[in-house]
Amino acid sequence: MNNVRNKKRANKSLPFFFKDEFKVFFVIIFVSTILLVTTFTFDKVPPILNRGIQPATFPKGLLVLIMFLTAVIYYLSFKNPWKKEKKLPKPFFLTILSFILFIIISKTLDFFLAISVLSIFVSYNWGEKRIFYLLLVGILFPLVVFIFFEMILGLRFPPGIITNLYYY
Amino acid sequence: MMAPLFTSKLLIVLIFGTLFGLILGVLPGLGPTTGGALILPFTMTLDPLSAIVLLTSIYCAGTYGGAITAVLINTPGTPAAAATCLDGYPLAQKGEAGRALGMATVSSTVGGIFSVIVLVFFAPVLAQLAYEFGQPEYFALAIFGLTMLASIGEGSPIKNLIAGAFGILISTIGKDFMTSIDRFTYGINELSVGIGFIPVVVGLFAISEMLTQSTLLDQVFKRVALKAVKLPSLDDYKKTWKTILRSSGIGSFIGVLPAEGGTVASLIGYSEAKRFSKEPEEFGKGSIEGIAGAEAANNAATGGAMVPTLALGIPGSATTAVILTGLIIHGVRPGPDLFREQPDFLYGIFGAMLIANVLFFIFGFFGAKLFARITLVPNKILWPMIFAVSVCGTYSLSQSIIDVWIMLFFGVLGFFMRRFGFSVVPVIIGLILGELVEGTLRQSLVIFDGNWLMFLTRPIALTFFILSLIALAFPLLRSKKRKK
């Protein structure tokens, strides 16, 4: 009896707010609403200078169109539910984490240090354990990229604890 | 026609572009669009012709390169080579990988050359027609381009439309170009100049692909052994010449339409090859006609997609959107005036595409085995390197760290868009066409004194609007037909 009840519970579909269709619908509508509200804060052009339509009108129209089309795909998903996506694996979240680390390090310490840290972090978490290859992607390759951009393309990178060693 | 190309510098650029394009095409997840976007900042050191020659040779060779991985590891190097897997891999499994790649190489070259001929003859005619276009006509044309993209592109047409509208919305960020009023800048100075094309395209293609690869680390590729690429036999030629010509025509036509060029072209080329074949039951089991149909069509789309790009400034595919950006950042404005004022420049591009097709034939024929080895570079080494190049390339254009963050943002966004069935190509095309759409709409309304109905009094604009409605109705009719 318990088994039958458990099976039924397992077969019961997820509440609507856990479904991908609703999550996508909600995010698009939420962001679009915020952007739509923002358009009401845009400055208005005096009628004598106004050419055609106000600067806010076009983005407003686009946002309304996006919201309308999003509602349509959500409605259509009742008839044809979307393919259920697999759960995201650990390396995906670690890669996202590496992006966050990159932003923090490039902002506070050094641009190239951030590239090196991300490269080693990603490579290691994707399964590379050999020191030589970690050094290759984390130090040698960024160094080659730096030399190429700096010397051949004449680019100046943002100052940082490592980049400054080269510049000063 | 090829006089400007007979300089050692341009030939070196062309050879480098073709080799680089082949490498990009071979590597699953990269491809000519991402590669073109990555190399765009480097082209700033070149003169305009060399820059565009580099980008177009990457486009031609990259489209072909996808076939090598499609045949040998059953994974299309580029989306345009997806249909090639259907018969290329089964034929390779039968021990005929060389024959499969030989046919892919020959049909790609024929398709590519055919499309360059179409480009040479058709682009000037279209450019001449464009002289008749005013602001309302350009507005209607841009709308037509976006609806075509939505309707015959991959995936759900409504999701494609949302993505296209989102692309246009991104183009409105920054100072309004007609009134200098800030829009969506939220007080951030860097956003007043708008969002650049490169951070968005590198983010949506390269970084989102990096995230996709992070979810596929347990995937194992089975590689088929390749001894050497073989030229097709006389029997193979007899069997496939009609298919190659038909697919070349289909590919060129599909390429001209603003859509996901090669991908759609190869699928239609493949299905038409099956429809006309005397042995349709062989398709999916290693049919040589299947390979010819798909490969001739996807390479034929390259020249076709360049037609609206050069003649009208409307990109025919995602890669031509990158090429269009290259033209713009080098100060070349595509459109009818380009044909009148800089014919040498255009002939240089036409000639480069022609030579690129011959070069990838030679490199593909003799070097496919070597290029196939590139797929042995593990993702855990390759993608961190691509990240380093992406970051530096994005930073280099305006030397702004904000651009790098924008790239990362669009990378994450692109990953989730693709995960939930939204194509990222319409975002790119929308972003490219955004200023044209808004500018021509507003200028038209000035001409029409604010009367929207006046659009209907312009025959060319009206024709494009009707075509747009047909393009939007097409997927509905197609799905109804499928249900029946």
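Reader: What are the conventions here?

Author: This is a predicted model, in which local features need pLDDT of at least 70 and side-chain atom pairs count only at pLDDT 80 or more, while totals for chains, interfaces and linings use all residues. Residues are numbered from 1 along each chain as its sequence is written, and chains are lettered from A and ligands numbered from 1 in the order in which they are written.

Reader: What does chain B average, and what are the ipTM and pTM?

Author: Chain B averages a pLDDT of 84, with 93% of the residues at 70 or above. The model scores ipTM 0.88 and pTM 0.83. Among the elements of chain B, the lowest mean pLDDT, 78, belongs to helix H17 (residues 459–483) of chain B, and the highest, 92, to helix H15 (residues 401–419) of chain B.

Reader: How many helices and strands are in chain A?

Author: Chain A has 7 helices and 0 strands. Helices (H or I, at least four residues) and strands (E, at least two) are DSSP runs, numbered from the N terminus. Of the 168 residues of chain A, 23% count as buried. A residue is buried if 20 or more other C-beta atoms lie within 10 Å of its own, exposed if 12 or fewer, and partly exposed in between; the C-beta atoms are placed from the backbone.

Reader: And which domains is chain A divided into?

Author: The division is into domain 1 (16–79) and domain 2 (90–167), with bounds that come from an automatic or database domain assignment. The C-alpha centres of domain 1 of chain A and domain 2 of chain A are 38 Å apart.

Reader: Turning to the interface, how many residues of chain A are in contact with chain B?

Author: There are 50 residues of chain A in contact with 48 residues of chain B. On the side of chain A that touches chain B, H3(A) gives the most, with 9 residues. That side has 36 nonpolar, 8 polar and 6 charged residues. Here Ala, Val, Leu, Ile, Met, Phe, Trp, Tyr, Cys and Pro count as nonpolar, Asp, Glu, Lys and Arg as charged, and the others, Gly among them, as polar.

Reader: Which residues of the largest nonpolar core touch the most other members?

Author: They are B:Val71, B:Ala142, B:Val201 and B:Ile428, in a core of 186 residues. Such a core is a set of buried Ala, Val, Leu, Ile, Met, Phe, Trp, Tyr and Cys residues joined through C-beta atoms within 7 Å. Helix H4 (residues 82–130) of chain B supplies the largest share of this core, 22 residues. Domain 1 (16–79) and domain 2 (90–167) of chain A both contribute residues, so the core lies between them.

Reader: Back to H15(B): what does it pack against?

Author: Its buried residues pack against H4 of chain A together with H6, helix H7 (197–214) and helix H14 (379–398) of chain B. Those buried residues of H15(B) include B:Asp403, B:Phe410 and B:Met417. Just after H15(B), B:Gly421 takes a positive phi of about 85°.

Reader: Is H6(B) enclosed or open?

Author: H6(B) is largely enclosed by the rest of the structure, because 14 of its 15 residues are buried.

Reader: Where is B:Gly145, and is it buried or exposed?

Author: B:Gly145 is in helix H5 (residues 135–152) of chain B. B:Gly145 counts as buried because it has 28 C-beta neighbours inside 10 Å. The C-alpha atoms of B:Gly145 and B:Phe464 are separated by 9.2 Å, although the two residues are 319 apart along the chain.

Reader: Which phi does B:Ser180 have?

Author: B:Ser180 has a positive phi of about 65° although it is not a glycine. Most residues other than glycine have a negative phi. B:Ser180 lies in the loop between strand E1 (174–175) and strand E2 (182–183) of chain B, and it counts as exposed, with 12 C-beta neighbours inside 10 Å.

Note on methods. pLDDT = per-residue confidence, 0-100. Contact = placed C-beta atoms within 7 Å.
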